[in-house]
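User: Could you walk me through this one while I have it open? I'd like to go piece by piece.
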Amino acid sequence: MSGEFVSGLKCRLCGKVYPKEALNFCTEDFGPLEVAYNYEAVAKSFTRQAIESRPRTMWRYRELLPVDGEPTVGRHVGGTPLIRADRLAKALGLRELYVKNDAVNHPSLSFKDRVVAVALSKAVELGFETVGCASTGNLAGSVAANAAAAGLNAYVLIPDNLEQGKVLGATIYGAKVIAIQGNYDHVNRLCSQIAFRFGWGFVNVNLRPFYAEGSKSMGFEIAEDMGWRIPDQVVVPMAGGSLIGKLHKSFKELERLGLVSGPVNTKMYGAQATGCNPIANTVKTDALRVKPVRNPDTIAKSLAIGDPADGYFASQLIRDTGGWSEDVDDDAIVDSMRLLAETEGIWAETAGGVTVAVARKLIAQGKIDRDASTVLCITGNGLKTQEALIDKIARPVVIKPSLAEFEALVGAESPELVATEA
Ligand SMILES: *Cc1c(COP(=O)(O)O)cnc(C)c1O
Ligand SMILES: [Zn+2]
């Protein structure tokens, strides 16, 4: 593989082209930069047959991931299960439902390993030895884990109110974890200053154009696992609003390269928590600009970005595809975490509860078609957000190691099971 597939970076507003460097905004108009591909070169080797012959990791789609040489970081990321979720489908009243389960992504149990694998492989190519991120939790763990495995120095900046599982899940890898007294938007602003001042590679700041492309691998996997089909409806949790756009881009790229039959008419549905709903609010009020949420307040901390970098593009995409966006409160989030666990055996983090609860709400509103194929994106693992459940889930019953006590317990609930043979 060589650098022939990526032609450069391109401004999403004015189209100005830049070389492949650590830069995330246009110097003319501050528009966000996006990776530009040479699709003719890609088409030569990016075929169903070639892809299917490669290992089941995100790198089987490497022509459309912006790393010039062989990937050096996160080589085992991706290849997570797409599950036909019939029991959840029945509970929700849907005909054809799938769960894409990135709660079990390697190595750090969230979809962030996809974006970090690309960003850090690129960071190595660009010669960075110190990397960092501004994180709402999952990115912290992913940068810390992948940087450790690659021998890079990592600085991880987080808001000071994160769940213990997210904090421990970053410090264990030896990264410098710094908690900022403030919310994510304060953290992000500081990281922009640090990246500029110290010349480090911040995955979601100056490396953001490369980082964001990693999310496409989730969409490629969904399409391939559906038998090279594109789903009719996808429900996606939104923080900065990047993932939802890249999923749609991945479907359009497969169409463009002839790997799926078009046209792609997927409706994109964005999910947020009511306590931090800047993008959902933009869609619901048909506003043009995203109004930032100043003080996010939700148990879905991984989605708590009050001023989302890609909020404008996400809200436009949702409208353009005929989808919709909703937000749900903390009780609905917990109820839906439980529903997913009880029907499909998947323990998702709070963001997964947001996704399932928003799907439920949109089905009730008639905005999601019960007869169309639907994918729910589960992006993080429940082990990391235990605080959200600790007072909401039944404690185990305690008994002595005695058969009589056990029989009394079961008998109280199901007398027929302990009916004595007289
Ligand atoms: C980061 C994250 C997302 C979505 O992030 P975007 O910024 O919208 O791309 C979704 N779910 C979880 C669990 C996350 O950590
Ligand atoms: Zn520009």
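**Working through the model**

Analyst: L303 counts as buried, at 7% relative accessibility, where buried means under 20% relative accessible area, exposed over 50% and partly exposed in between (1.4 Å probe, protein chains only). This is a predicted model, in which local features need pLDDT of at least 70 and side-chain atom pairs count only at pLDDT 80 or more, while totals for chains, interfaces and linings use all residues. Residues are numbered from 1 along each chain as its sequence is written, chains are lettered from A and ligands numbered from 1 in the order in which they are written, and side-chain values use heavy atoms, with hydrogens and water left out.

User: OK, where does L303 lie, and what does it touch?

Analyst: L303 lies in the loop between helix 11 (278–284) and helix 12 (311–320); helices (H or I, at least four residues) and strands (E, at least two) are DSSP runs, numbered from the N terminus. Leaving out residues up to four places away in sequence, L303 touches P237, M238, A239, A271, C276, A351 and V354, contact meaning heavy atoms within 4.5 Å. L303 and G240 are 63 residues apart in sequence, and their C-alpha atoms are 7.7 Å apart in space.

User: G240, then: which residues come nearest to ligand 1?

Analyst: Of the 15 residues around ligand 1, those that come nearest are K112, G240, G241, L243 and T379, a residue being near a molecule or strand if one of its heavy atoms lies within 4 Å of it.

User: And which backbone atoms lie 2.8 Å from an oxygen atom of ligand 1?

Analyst: A backbone N or O atom of G241 lies 2.8 Å from an oxygen atom of ligand 1, and a backbone N or O atom of L243 also lies 2.8 Å from an oxygen atom of the ligand. For the side chain of N138, an N or O atom is 3.0 Å from an oxygen atom of ligand 1. Taken alone, ligand 1 exposes 380 Å², and the protein buries 95% of that; accessible areas come from the Shrake-Rupley method with a 1.4 Å probe, and for residues only the protein chains shown count as cover.

User: Switching to the sheets, what is the order in the one with six strands?

Analyst: The order in that open sheet is 4-5-13-10-11-12, with mixed pairing, and two strands pair if DSSP finds at least two bridges between them. Strand 4 and strand 12 (325–328) stand at the edges with a single partner strand each, so one side of each is left without a neighbour in the sheet. Strand 5 (residues 97–101) runs parallel to strand 13 (residues 374–378), and five bridges join them; K100 has C377 in strand 13 as its bridge partner.

User: What packs on that sheet?

Analyst: Helix 10 (residues 242–256) does, touching strand 10 (233–237), strand 11 (267–273) and strand 13, and its direction makes about 150 degrees with that of strand 10. Axes are lines fitted to C-alpha atoms, for helices over the stretch in contact, and angles run from 0 to 180 degrees between N-to-C directions.

User: Last one: is R54 buried or exposed?

Analyst: R54 is buried, with a relative accessible area of 17%, and R54 sits in the loop between helix 2 (48–52) and strand 4 (82–84). Its side chain makes a polar contact with the side chain of E63 at 2.9 Å, a polar contact being a pair of N or O atoms within 3.5 Å, where within protein one must be able to donate a hydrogen and the other to accept it, and residues adjacent in sequence count only if both atoms are side-chain atoms.
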